[in-house]
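Biologist: I would like to learn how to read a few features of a structure, one at a time. Could you take me through the general idea and then the case at hand?

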Amino acid sequence: MSINIALLQITLQALSSMAIAGGLLYTAVQFRHARKAQLVANFSKLVELQYQLRNIRVERPELASEQDTQNLTTPRQVQEYFLNLMQLSLFEISWYAHKQGQIADEYFHSWARRMWEVGREPAFRSMIDNPSTKIMHDEFDLYVRKLISSPTPPTF
């Protein structure tokens with residue numbers, strides 16, 4: 001009888017310890033997901049602020065600096081340049097959120113296919129090929145250049 005009580009106590013202690021360990025593991029996973037969500041939120045906010053600055057230059061092209069507008073001679077070209085950068089900013093947020101596991105594959109893939117199409121437009125090509133300063137995540141810049149240089153739309 002005393003062996004059964006001792007076995008029962010050990011079993012209950014083991015179950016209790018496993019429940020605590022499981023709870024700690026679950027908490028760690030939740031913290032990791034929260035951290036990724038915060039990274040995406042911070043990144044998105046920075047790109048959003050950049051987007052707003054670009055929007056000002058679309059509305060008032062005369063405010064664009066010479067450094068920002070190399071090879072652009074008309075207000076229309078400046079506006080197209082910054083409009084395309086704005087579109088690229090939105091895609092950058094989608095790309096980063098997808099990279100962090102915060103956006104579903106099918107949603108991101110639809111963006112990628114659309115950006116491949118946009119990459120065929122002369123105004124977009126002019127923007128991407130212009131030596132003017134473009135603030136983007138380096139890995140994203142490489143991804144976009146590879147995406148738009150592909151002869152066919154991406155298939156996933």
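Biologist: Which residues do ring pairs link into a cluster?

Modeller: Some ground rules come first: this is a predicted model, in which local features need pLDDT of at least 70 and side-chain atom pairs count only at pLDDT 80 or more, while totals for chains, interfaces and linings use all residues. Residues are numbered from 1 along each chain as its sequence is written, and side-chain values use heavy atoms, with hydrogens and water left out. A pair of aromatic rings is described by the distance of the centres and the angle of the planes. Rings of Phe, Tyr and Trp (its six-membered ring) pair if their centres lie within 6.5 Å, and planes under 30 degrees apart count as stacked, over 60 as edge-to-face and the rest as tilted. The cluster linked by ring pairs consists of F43, F91, W95, Y96, Y107, F108, W111, F140 and Y143.

Biologist: How many aromatic pairs does this rule give, and how is the pair of F91 and W111 arranged?

Modeller: The count comes to ten aromatic pairs. F91 and W111 are stacked, with 6.1 Å from centre to centre and 10 degrees between the planes. This pair links distant parts of the chain, since F91 belongs to helix α2 and W111 to helix α3, 20 residues apart; helices here are DSSP runs (H or I, at least four residues), numbered from the N terminus. F91 also pairs with Y143, in a tilted arrangement with 6.2 Å between centres and 40 degrees between planes. Because F91 lies in helix α2 and Y143 in helix α5, that pair ties together parts 52 residues apart in sequence.

Biologist: Is F91 buried or exposed?

Modeller: Buried means under 20% relative accessible area, exposed over 50%, and partly exposed in between (1.4 Å probe, protein chains only). F91 has a relative accessible area of 0% and is therefore buried, whereas W111, at 23%, counts as partly exposed.

Biologist: Which residues of α3 are buried, and what covers them?

Modeller: In helix α3, which spans residues 105-118, the buried residues are F108, H109, A112, M115, W116 and V118. Their cover includes α2 (75-99), α4 (122-129) and α5 (138-149).

Biologist: What is V118 in contact with, leaving aside its neighbours within four places in sequence?

Modeller: With contact taken as heavy atoms within 4.5 Å, V118 touches N84, Q87 and F124 beyond those neighbours. V118 counts as buried because its relative accessibility is 1%.

Note on methods
Helices (H or I, at least four residues) and strands (E, at least two) are DSSP runs, numbered from the N terminus. The expected span of a helix is 1.5 Å times one less than its number of residues.
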